[in-house]
Amino acid sequence: MSDARTIVVAGAGIGGLTASLALAAKGFRVIVLEKAERLAEAGAGLQISPNASRVLVDLGLAGRLAPRAIAPDAVTVMSARTGRPLVRLPLGAEAATRAGAPYWVLHRADLQAALHAQAEAHPAIELRLGCLVEDYASHVHGISVGHRRHGERGDTQALALIGADGIWSAVRRQLFPTSGPHFSGLIAWRGTVEARALPSGEPLRGVQLWMGPRAHLVAYPISGGRLVNLVAIVPDDWQREGWSAPGEPREIQSRFAAAGWAPAARLLIEAVETWKRWALFAMPDGGAWTTGATALLGDAAHGMLPFAAQGAAMAIEDAAVLAQCLGDSHGAGATGDALSVPASLRRYAEARRARVARVQRLARQNGKIYHLTGPMAVARDLAMQALGAERLMARQSWIYDWRL
């Protein structure tokens with residue numbers, strides 16, 4: 001028999017831990033199975049826009065995140081050709097007032113550490129590190145999840161299994177064997193530099209987006225302003241899985257020098273001593289979601305290109321909607337049983353599919369716009385200046401204004 005109050009979450013990343021906290025808040029007992037022996041940094045910086053930050057605040061994480069998160073004053077779009085700003089999109093207090101929640105930039109490790117600490121402190125959440133999900137099978141009472149930890153096989157009975165185990169999801173491989181990510185033809189180079197070592201000698205207070213020929217560069221402060229996160233996106237046929245393959249600094253420096261980028265952008269790239277490479281894969285628009293008592297969440301369902309700064313935000317939104325859908329019929333005081341779990345998970349998928357597909361399309365379109373060359377790039381720059389900050393921000397409002 002399954003525990004009628006237990007949900008298994010595969011993966012202790014941002015999506016999995018947020019889902020665990022959201023489900024626990026609805027009265028569920030949550031068991032998190034994470035294959036890593038310890039939760040280590042994966043990636044570097046994150047942008048958490050108001051649609052996601054309000055979920056984290058509602059889960060009680062503001063106190064843990066505020067000392068490490070930064071509310072950038074603006075996103076400044078820069079021309080790689082001229083080295084000058086094209087438009088400045090205000091954020092900071094203005095964005096928080098407008099959207100009702102803060103716009104944060106922070107280190108991925110800081111967010112994961114806050115989520116981990118909050119989960120560890122919750123009596124209804126059990127985190128099992130070094131525990132690999134091997135298989136699962138639905139039955140009339142729920143689902144049986146087979147896993148292996150330190151060489152020993154175990155089986156956990158639960159109401160549902162949530163696959164939050166990333167773009168290379170093992171849960172998805174069993175659930176949807178023919179559905180998987182495709183390579184975008186782009187790779188991200190990421191690194192950090194001490195803020196005091198910036199070539200300008202002045203702190204970076206907001207997000208800079210540099211648009212150039214067949215490439216773009218993003219820079220923003222993290223770790224309470226001590227570090228600056230840089231991500232450079234370039235076309236490449238290198239397709240290795242993972243987040244942290246080493247990159248040769250001279251390679252990325254020469255790419256931007258050969259393309260004629262403005263000196264200020266090249267100096268930012270030259271300031272980074274250690275680079276990591278990340279091949280960009282994405283799931284088909286709309287994602288892959290649920291069958292029976294199993295559902296996917298975050299990158300496992302809809303891994304997307306990072307050009308809308310919404311990958312983590314969509315996983316956080318998923319977590320809130322998933323908990324709401326399951327909580328409505330199975331939460332504390334509800335009368336639902338295992339037989340109604342599939343219907344609850346289908347409602348979750350239906351609530352998320354169209355929005356996620358729209359963000360996936362936006363991210364892909366942004367990547368094309370950022371990488372324009374020649375007369376098309378000049379026309380893009382003139383159009384952005386003509387539209388102005390207010391109209392450009394209005395085009396993003398449908399993302400930021402989302403509420404559960």
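How many bridges join β13 to β14, and do they run parallel or antiparallel? Five bridges, and the two strands run antiparallel. Before I go on, some ground rules: this is a predicted model, so local features need pLDDT of at least 70 and side-chain atom pairs count only at pLDDT 80 or more, while totals for chains, interfaces and linings use all residues. Residues are numbered from 1 along each chain as its sequence is written, and side-chain values use heavy atoms, with hydrogens and water left out.

When I say helix or strand, I mean DSSP runs numbered from the N terminus, with at least four residues of H or I for a helix and at least two of E for a strand. Two strands pair if DSSP finds at least two bridges between them.

Let's walk through the middle. Strand β4 (residues 74–79) runs parallel to β13 (residues 207–212), with five bridges between them, and Val-77 stands opposite Leu-209. On β14, Leu-209 faces Val-218. β13 and β14 make a hairpin with two residues between them, and Arg-214 in that turn has a positive phi of about 55°. Next, β14 joins β15 (residues 227–235) through seven bridges, antiparallel, with Leu-217 partnered by Ala-232. That hairpin has four residues between the strands, and Ser-223 takes a positive phi near 55°.

So what about burial in β14? Buried here means under 20% relative accessible area, exposed means over 50%, and partly exposed is in between, using a 1.4 Å probe and protein chains only. Eight of the eight residues of β14 (residues 215–222) are buried, so the strand is largely enclosed by the rest of the structure. Ala-215, Leu-217, Ala-219 and Pro-221 point one way, while His-216, Val-218, Tyr-220 and Ile-222 point the other.

Leu-217 turns up again in the largest nonpolar core, which has 142 residues; it's among those with the most contacts inside it, along with Ile-48 and Leu-297, for example. A core like this is a set of buried Ala, Val, Leu, Ile, Met, Phe, Trp, Tyr and Cys residues joined through side-chain atoms within 4.5 Å. Helix α10 (residues 311–330) gives the largest share, twelve residues.

The expected span is 1.5 Å times one less than the number of residues. And there's a bend of about 95° at Gly-388, meaning the angle between axes fitted to the seven residues ending there and the seven starting there. Gly-388 is also one of the buried residues of α12.

Compare α11 (residues 341–370): its 30 residues should span 44 Å, and the end C-alpha atoms are 43 Å apart, which agrees. α11 bends by about 35° at Arg-353.
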